[in-house]
Every structure is written in structure tokens, then in C-alpha cells.
Amino acid sequence: MDYVQDRVVREAAKETAELYAGLVTPLNLILVAITLYTTYLLYKPSPPATLPREPPAVVFRTFTPRTLLPYNGMNNMPVYMAVRGRIFDVTSGRNFYGPGGPYENFAGRDASRGLACHSFDEDMLTKDLDGPLDTLEGLGDEEMESLQGWEERFLSKYLVVGKLVAQGEK
């Protein structure tokens, strides 16, 4: 009887050892590693979502032609442009209105006459920064209509950050 029990114990031990030897193969080890890695990727904590930063708030200000002049996009300044007395922050269109852009001579200036006449000439800009504002006298109906179109485009696209007044006015 001892023989039978001894043989049963040996067979039981042998089957367990063979069972483990059959499970531990290179293929099974690779499959377990892939399963564990995939499980880790699915359940690992994700980094907290980051929201885009809001641009700094812009306070509505009153500008004179001289105080508007530095806002031409140089020295990391924003790009402002005046159209019919309204100052627009056109910084988001820096590639057009900033340094090197096709409309760069309007940056930091009153661009009303130049936009109305579709002209980029320096003659269209107010020369005397301390003098009166351009009243747009001498512009025809077609030029005024063109200026209205520009103003509507700017109102739909850019923030109004101030108003343009002559030197000495408030």
C-alpha cells in the first residue's frame, strides 16, 4: 500500500511540474508581457487637461496719434491701428499689419485715408502727430464706401481697444 501512495504522490508532483513547464514558454511570456503593458496603458492615470491661456485683458483707452505710434509691433508691442477714430488690436494679424507685412505702414497710425484710397503711400498717413485728426475731407462716395467695408471687416475680426482723439482732447 505504501507503494501505491508513494506512486500517487510522485505522479501528482510530476504532473504539477510538467504543467508549469508547459505554461512557461517564450511565447506565453511574450503574451503575458503584452497583456500587462496594454492593461497598464489603458488604466494609467492621464495627465490633467491643460486649458489654453487667455490673452491678457485689454483696457479701453484713449489714444492720441503720438501715443498710438509705439503700438506698431516692434519691440514685442501689440499692433494697433486706427480706422475712423476707433483703435483696433490687429496683433492676431501681425503677419499683415506688423513689421514686414504688406500693411505695416498703417500699424500704430490712423489708417483711414490709406484704406479708403487703397493706398500704402506715406502721403496717406497724418504727418503732424500733434495736429488735428484727419477729417477725411476730399474723399468721394466710393472711397467712403470702401472705408466702411474695411471698418466692418475690422469690427467683425478684431477687438476695439480704444478711441483716437487729437492732442489735447479727452
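Select Tyr-3, Val-4 and Val-8: these residues make up a nonpolar surface patch with about 320 Å² of accessible area together. Patch members have over 30% relative accessible area and no salt bridge, and nonpolar side chains (Val, Leu, Ile, Met, Phe, Trp, Tyr) are joined within 5 Å. This is a predicted model, in which local features need pLDDT of at least 70, side-chain atom pairs count only at pLDDT 80 or more, and totals for chains, interfaces and linings use all residues. Residues are numbered from 1 along each chain as its sequence is written, and side-chain values use heavy atoms, with hydrogens and water left out.

Stay on Val-4, which is in helix 1 (residues 2-23). Val-4 counts as partly exposed because its relative accessibility is 47% (buried is under 20%, exposed over 50%, partly exposed in between, with a 1.4 Å probe and protein chains only).

Next, go to the loop between helix 3 (65-68) and strand 2 (80-83) and select Asn-75. Its phi is near 55°, a positive value in a residue other than glycine. Asn-76 is in the loop between helix 3 and strand 2, and has a positive phi near 60°. Most residues other than glycine have a negative phi. Asn-75 counts as exposed, at 73% relative accessibility; Asn-76 counts as exposed too, at 79%.

Last, select Pro-55, Pro-56, Val-58, Pro-78, Tyr-80, Asp-89, Thr-91, Ser-92, Tyr-158 and Leu-159, which line the largest pocket (an open set of points on a 1 Å grid where a 1.4 Å probe fits, with protein on both sides within 12 Å along at least five of seven lines; lining residues have an atom within 4 Å of a point). The pocket holds about 220 Å³ of space.

Terms used:
Points joined across faces, edges and corners; volume = space filled by probe spheres on them. Patch = residues over 30% accessible without salt bridge, like charges linked within 9 Å, V, L, I, M, F, W, Y side chains within 5 Å. Areas by Shrake-Rupley, 256 points an atom, 1.4 Å probe, with all protein chains shown as cover. Salt bridge = Lys/Arg side-chain N within 4 Å of Asp/Glu carboxyl O. Helix = DSSP H or I, 4+ residues; strand = E, 2+ residues; numbered from the N terminus.
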